[in-house]
Amino acid sequence: MSGMFMECEKITSLDFSKFKTSKVISFESMLQDCKALTTITWGDNFDTHYAENFRAMFAGCRSLKSLNLNFFNMSSATNIAIMFGSCFGLEDLDISSFTRGHTTGLGSIFAECKNMKELKLGKDFVFTVDELNNQDDASFTFRDFAAEVDNVTIYCSPEFMNNLHACFYYGGDDSYKAKTTWRNTETGEIMTPVSNQ
């Protein structure tokens, strides 16, 4: 399904309720640059468990305001780079079912999502401090996101939050902390990052 609706710039809504996708390997650029798309209807048979490539799946969908993908099974995913890149209008994104698993490519997954108000990550979406310090993909992705978004609430695990704040790339500039509210993805409670030393 790679590039299936790519650059269909005038489509405003899509209904996938009849789609059966259990054997799909790639959703790369499936909806890329569907600039007018505001509504997506998913179905019970929209199954992502077999898919490896989600690169730029929603990139350039600048009219989407809310996207709930908490039913996506990412157990086989390897590439989620720029998955939501240039989704300028996206305010609420729920990817709480996403796990690290086999995923290595995630560079710029949230690039230019400047109007994000709420991002929900799952408890299993975690990087170690070493991974963040040694994997430019991960560290720069989250550093750049935090730097360009004002007043965002991020739901995540305490481990994710603290490892991110301990990352070398975050050590010198704490200004983004004041712009971000961190909440425990399981309890909803506000969390305070551990101070960098």
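This is a short tour of one predicted model, stop by stop. Residues are numbered from 1 along each chain as its sequence is written, and side-chain values use heavy atoms, with hydrogens and water left out. Local features need pLDDT of at least 70 and side-chain atom pairs count only at pLDDT 80 or more, while totals for chains, interfaces and linings use all residues.

**The whole chain.** Start with a cartoon view: the chain has 3 helices and 8 strands, taken as DSSP runs (helices H or I, at least four residues; strands E, at least two) numbered from the N terminus. Their order along the sequence is β-β-β-β-β-α-α-β-α-β-β. Of the 197 residues, 45% count as buried, meaning under 20% relative accessible area with a 1.4 Å probe, protein chains only.

**The core.** Select Leu31, Phe58, Met83 and Phe84. Among the 53 residues of the largest nonpolar core, these touch the most other members. Such a core is a set of buried Ala, Val, Leu, Ile, Met, Phe, Trp, Tyr and Cys residues joined through side-chain atoms within 4.5 Å. Elements giving it two or more residues include α2 (136–148) and α3 (158–166).

**Phe58.** Leaving aside residues up to four places away in sequence, Phe58 touches, among others, Ile40, Trp42 and Cys87; a contact means heavy atoms within 4.5 Å.

**Gln32.** Next, select Gln32, in the loop between β1 (13–15) and β2 (39–41). Gln32 counts as buried because its relative accessibility is 17%. Its side chain makes a polar contact with the side chain of Ser29 (2.6 Å).

Conventions
Buried means under 20% relative accessible area, exposed over 50%, partly exposed in between (1.4 Å probe, protein chains only). A polar contact is a pair of N or O atoms within 3.5 Å; within protein, one must be able to donate a hydrogen and the other to accept it, and residues adjacent in sequence count only if both atoms are side-chain atoms.
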